[in-house]
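User: I have a structure open and want to go through it piece by piece. Can you take my questions as they come?
Analyst: Go ahead.

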Amino acid sequence: MQSSEHAKKVVQCLNELVPTLQEVAENTAVFLQEGNLAHGYRELQSLIEALQHFEGGLSFLHTAGFLRDTRLGHLKEKLHQVYPSILAALQEQDSVRLADVLQYELAQTLATYRSGGDALDESGLGIFSS
Amino acid sequence: MSPVLEFFPAKSGVLTARAVLLDGSSFLLHSAYDPVAEARRLLERHPALKEAGAAVFVGLGLGYHVEEALREMRADAPILVVEKNPDLITRFWKRVSEHPERIEITDREMEIKTFLYRNRDAVRRGFVLVEHPASVRTDPGFYALVRQRVRDYLSLMLTDVATAKVLNRSVQENIFTNLTTVVEDPGIVALKDVFQGRPAVIVAAGPSLNKNVHLLAEAKNRSVIICVGTALKALLAQDLRPDLVVTLDPTEGNYRLFEGAAVKDEYLCYEPQTHYKIPCLFRDRRFAFNSFVSPLSLWLRQLYGDKGYVEPGGSVAIAAFGIACQIGANPIVFIGQDLAYTDGYTHARGTVYEDRKVDLQAANPNLIRAPGIDGSTVVTSRNMHTFLVRFEELFAEHKDRLIIDATEGGALKRGTVVMSFRDAIDRYFTDEFPVLPVIEECHRTHRPDPAVRERVREELEKTVREYGDFIPKLEEILSLASRVQELNDLAENKKGQEATPGFARGTLRALKKKGEELNELLKEVNAQAKLVDLLSLLTFDVQLMPPLAEDAPLAEQLSRVKQVYSLYLEAAKTTRRQMEEAATALRGS
């Protein structure tokens, strides 16, 4: 039970983080598209740190078995499909591609998660009643 | 070599492209999703475009941002695009349907200058430079040069054309009068990275200097103190001694900033076109640097060697920042850098302009509002705002430095950390270190070889002899042009003479013969590119003349020849005299 309570809290934190991640991803894309690369890469650093934090929460839930067949679990899979594109764009130093990935893949994925059903029920897992 | 471009449809349906470099790496030229939305985003960074009088776009790509700009900008605003890929240019011209007559596309540097000068009234109403970052990446060296040239020509052009003509005369006079000094002084390159990781203070002359200049005494020997010429007297009046003083302006007004200043151990960093009375005030405590581009300055630079480039940027504080970066300083702290009319004043106390005020309430189209350091709004001028924009670009390019705005007033400068000068000193000026002894040592060990002076003198004397042969040819051109004009008038019977067929035939033959002689002489003179190019500062008017139509009447062409070559003749005589004097000075030193 205790671990369920803890998982609930983690889910709540992750759900609260999603809008921030989306906003930072969009802002970073905007900076890059404007040609303001200095600010863009600084925002990207913040985004990566936030994503690492997010992934930490997802890892905990995954290890504890709370992610299978849940919306958060699907979000995790989608994010893991986006990360290689971000890495490739960084390695190629392709700021245009990076902006595309951040705006149309990462931010879009997060927006879809937010808008999907009871996106903001605290669990986001669909297995806890409020 | 240009990268290979691969075109493909974006997800939105319009065309996009990928650039493939020689090393196999590639990058997108435009968004693979929505290039038009991306173009709009790029322009959002330039809100001044809407009201701008003119714009230069560095890099075309597929031109989506240029098309968007055409819709956003004023209907009478001309646009110059600098692009070197002919395929992109062809695709753009095929696609653009609205107002193509407002757009010029070039890859030639001289056409940038011609565009700016020809549209100088529009440029003065407001000018925006827009870079397409992905295009710049296809040839960073070329586009960096383009960017630099736009800025250099713009800062020249911001002065009135009439002033520019007078200025060019002063510039050339100063270049030659300062030549002995420039040849014998070390360049700013001698100071490269000698203060790596040490703090520097750049002292500008804005009104907020009043608040914290007194703290400079604590910064002595804990930082390299670099002051702009305008602030020098304000410092010396309080017995505050900078280490380096920066100047580059050719005018008498600039000399007044130094006249009577009790200079002692300070070192001057100066551009060859600086007013000629300034360098000698510092005895031999000087470093030269090169900022301005003209055929004359480039030619001389090849003779005496590279002194080190410092961006002029239109403001001596920008040059001071460049020097702070070159010496390796970090952090770099600004004081007195308001870039705004704080309390209505233009400058600090103790400067030559201490009493100058601006009416902040006046309906003056030159005044604009900008964010202040404390969230308020400040009043600045269009000129100062141009410098602010350039500063912010420079700060973004120097992410490896901590740049502190300790002005304690004025406009907000993105890319700086704002703090009081007191805090900056307490946090960063913690170690004492020798400054002047290091500068002195660099100066002593980097003096040019005496052979350089000989080389410059010999080349000047050789060129004087070449002008000796050149000038009679210019005189001959003018004489021939007058003769051809007379014959043309006769042939057209302008004087109402009775023209017998024999007379008419004879006149036409003479006209043809003299016309051919004139053409040959014009070709011969124009082929002497070096001698013509070296006159460019004094033949500025020629560049402002609108091009003649190809089918212009002979009388109009001859009138143009006489206008142009009169200018060249006067310029050649002046230049030859100045070269002779400079060569004599080099012989005697």
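Analyst: One term before the sheet comes up: two strands pair if DSSP finds at least two bridges between them. Also note that this is a predicted model.

User: Fine. What is the strand order in the open sheet of 8 strands?
Analyst: The order is S12-S11-S10-S9-S8-S13-S16-S17, in chain B, and the pairing is parallel.

User: Which strands stand at the edges?
Analyst: Strand S12 (286-288) and strand S17 (417-418) of chain B. Each has a single partner strand, so one side of each is left without a neighbour in the sheet.

User: How many bridges are there between S9 and S10 of chain B?
Analyst: Strand S9 (residues 224-228) and strand S10 (residues 244-247) of chain B pair over 3 bridges, in the parallel sense. One residue to look at is B:Cys227, whose bridge partner in S10(B) is B:Val245.

User: And S14 with S15 in chain B, parallel or antiparallel?
Analyst: Antiparallel, with 5 bridges joining S14(B) to strand S15 (residues 377-381) of chain B. B:Ala370 stands opposite B:Val378 in S15(B). The two strands form a hairpin with 5 residues between them, and B:Gly375 in that hairpin takes a positive phi near 90 degrees.

User: Which residues other than glycine have a positive phi?
Analyst: Among them are A:Asp69, with phi near 55 degrees, and B:Asp343, also with phi near 55 degrees. As background, most residues other than glycine have a negative phi.

User: Where do they lie?
Analyst: A:Asp69 is in the loop between helix H2 (37-63) and helix H3 (71-91) of chain A. B:Asp343 is in the loop between S13 and strand S14 (367-371) of chain B.

User: Buried or exposed?
Analyst: A:Asp69 counts as exposed, at 70% relative accessibility. B:Asp343 counts as exposed as well, at 64%. The cut-off for exposed is over 50%.

User: Which peptide bond is cis?
Analyst: The bond from B:Asn330 to B:Pro331 is cis, with omega near 5 degrees. B:Pro331 has its place in the loop between helix H15 (316-326) and strand S13 (332-335) of chain B.

User: Switching to chain A. How many helices and strands?
Analyst: Chain A has 4 helices and 0 strands. Along the sequence the pattern reads α-α-α-α. Of its 130 residues, 47% count as buried.

User: Now cavities. How many of 30 Å³ or more?
Analyst: The structure holds 2 of them.

User: What lines the largest one?
Analyst: It is lined by 16 residues, and the closest to its centre are A:Gln33, A:Val96, B:Glu38, B:His132 and B:Pro133. The elements giving two or more residues to that lining are helix H1 (2-34) and helix H4 (95-115) of chain A, together with helix H1 (35-44), helix H2 (64-72) and helix H6 (133-138) of chain B. By class, the lining of the largest cavity has 10 nonpolar, 5 polar and 1 charged residues.

User: And the second largest cavity, what is its volume?
Analyst: About 100 Å³. The second largest cavity has 13 lining residues, and B:Pro3, B:Glu83, B:Asn85, B:Thr138 and B:Tyr143 lie nearest its centre. That lining has 5 nonpolar, 5 polar and 3 charged residues.

User: Last topic, aromatics. How many pairs over all chains?
Analyst: There are 15 aromatic pairs. In one of them, the rings of B:Tyr467 and B:Phe470 have their centres 6.0 Å apart and their planes at 70 degrees, so the pair is edge-to-face. The angle for that class is over 60 degrees.

User: Where do those two sit in chain B?
Analyst: Both are in helix H19 (residues 450-491) of chain B, 3 residues apart, so about one helical turn separates B:Tyr467 from B:Phe470. Both are buried.

User: Which rings link into a cluster?
Analyst: B:Phe321, B:Phe334, B:Phe391 and B:Phe395, through ring pairs.

User: Which charged side chains sit over rings?
Analyst: Including these two: the charged end of B:Lys84 sits over the ring of B:Phe142, 4.8 Å from its centre. B:Arg91 lies over the face of B:Phe7, at 3.6 Å from the ring centre.

How values were computed. Residues are numbered from 1 along each chain as its sequence is written. Chains are lettered from A and ligands numbered from 1 in the order in which they are written. This is a predicted model: local features need pLDDT of at least 70, side-chain atom pairs count only at pLDDT 80 or more; totals for chains, interfaces and linings use all residues. Side-chain values use heavy atoms; hydrogens and water are left out. On a 1 Å grid over the protein atoms alone, a cavity is a set of points where a 1.4 Å probe fits but cannot get out, and a pocket is an open set with protein on both sides within 12 Å along at least five of seven lines; lining residues have an atom within 4 Å of a point. Grid points are joined across faces, edges and corners, and a volume is the space filled by probe spheres set on the points. Ala, Val, Leu, Ile, Met, Phe, Trp, Tyr, Cys and Pro count as nonpolar, Asp, Glu, Lys and Arg as charged, and the others, Gly among them, as polar. Rings of Phe, Tyr and Trp (its six-membered ring) pair if their centres lie within 6.5 Å; planes under 30 degrees apart count as stacked, over 60 as edge-to-face and the rest as tilted. Buried means under 20% relative accessible area, exposed over 50%, partly exposed in between (1.4 Å probe, protein chains only). A charge sits over a ring if NZ of Lys or CZ of Arg is within 6 Å of the ring centre and within 35 degrees of the ring normal.
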